[in-house]
Amino acid sequence: MKIAILGAGSWGTALAIHAGGLGNNVRLWAREPEIVYNIKATGRNTRFLPEGILPDTVEATNDLEAALDSAEVYLLVIPLQFVREFVKAQGHLFPDAYCVGTAKGIESSTGKLEHEILMETMPDFEPMKYAALSGPTLAGEVAMGMPTSAVIASASEETSSAMQRVLSSDRLRLYRSSDVIGVEFAGAMKNVIALAAGMVDGMEFGANTKGTLVTRGLAELSRLGSAVGGERKTFAGLSGMGDLVTTCISPRSRNRQVGEYIGRGATLEEALRRTGQVAEGVWTARAALELGRKHNVSVPITEGVCAVLEGRLSAKDAVRGLMERQLKEED
């Protein structure tokens, strides 16, 4: 199958390695000519995913029209905050094909998820040909063929089944879902909790603290996710709890890394510079807080993360504030 992957960051590169390894004809589009040159010269994306080796079935290009030519499937692997601008400028090039969204964020200016942005910006967007891909899929591990699972969600079972067949392997097992909202929201919200988890690591708290944070983070994710239209069972699955646990414990997680630097005393700007890649949770945190206020849902961890990111609280003061909240029954 002819597959176009738009975005050659770590996850886009990992998906190209995976899809190409299954025998698909893959074109990997990168905005930066130097990334394309690097891939063609070395067979690797040494900037974003040096451990991954791209198969011969993957062709790198910075010509978007060429990348999309005759594509039967195209994957959007672009940070959520840039999707609207990108689609407005380039959406006229998108073919009548299956579209797979992979962004794990909430648009900071609108509170919208990826499929909602596409519905607003693509005049020919076809929801029944759209699927969201999410789950515990750290790019480096996928690129090296370590076994994992994820969820492919679509309003159309035909679409989710088709994408399940195209992208599943003995190393990446995909499960179908019809809950596009829940899958996209869970992937976004877990990044906010991962920032908090990194702060816990940076302050050198222990496993008890991390376990508490992840558990209460899942409760917060589930409360708000249900309020915006997601299904609660989704949040107990791979795109919810699975991705949350993975992102909160792995040293490969960019959001956790940013939080850890902040927990050690770095400013947000310093933390982002040291990480060197996009950490979606930084922009999603404020959007999630506003959604919580809009739907009258308590999101204390998100509120604390926002206060730290915006310089209104230290990480230690944010933890103290969470621990000193009014006592209540567990929900």
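Let's start with the open sheet of this predicted model, in which 8 strands line up in the order S3-S2-S1-S4-S5-S6-S7-S8 with mixed pairing. At the edges stand strand S3 (58–61) and strand S8 (172–177); each has a single partner strand, so one side of each is left without a neighbour in the sheet. On average, neighbouring strands are turned by 25° against each other, direction ignored.

Now follow the sheet to S8. Strand S7 (residues 148–153) runs parallel to S8, and 6 bridges join the two.

Helix H1 (residues 10–21) touches S1, S2, S3, S4, S6 and S8, and its direction makes about 170° with that of S2. Helix H5 (residues 114–121) packs on the sheet as well, touching S4, S5 and S6, with its direction at about 150° to that of S6.

Is serine 134 buried or exposed? Its relative accessible area is 5%, so serine 134 counts as buried. Leaving aside neighbours within four places in sequence, its contacts include Lys104, Val183, Ser239 and Asp243.

Finally, look at a pair of helices. The axes of H15 (residues 300–309) and H16 (residues 315–323) come within 9 Å and cross at roughly 160°, which means that H15 is roughly antiparallel to H16. Their crossing is right-handed. Pro300, Ile301, Gly304 and Val308 of H15 meet Ala315, Ala318 and Leu322 of H16; by class, this contact has 6 nonpolar, 1 polar and no charged residues.

Key
Residues are numbered from 1 along each chain as its sequence is written. This is a predicted model: local features need pLDDT of at least 70, side-chain atom pairs count only at pLDDT 80 or more; totals for chains, interfaces and linings use all residues. Side-chain values use heavy atoms; hydrogens and water are left out. Axes are lines fitted to C-alpha atoms, for helices over the stretch in contact, and angles run from 0 to 180 degrees between N-to-C directions. Helices (H or I, at least four residues) and strands (E, at least two) are DSSP runs, numbered from the N terminus. Angles under 35 degrees count as roughly parallel, over 145 as roughly antiparallel, 65 to 115 as roughly perpendicular and the rest as oblique. A crossing is left-handed if the near helix is turned anticlockwise from the far one by less than a right angle, and right-handed if clockwise. Contact means heavy atoms within 4.5 Å. Ala, Val, Leu, Ile, Met, Phe, Trp, Tyr, Cys and Pro count as nonpolar, Asp, Glu, Lys and Arg as charged, and the others, Gly among them, as polar. Buried means under 20% relative accessible area, exposed over 50%, partly exposed in between (1.4 Å probe, protein chains only). Two strands pair if DSSP finds at least two bridges between them.
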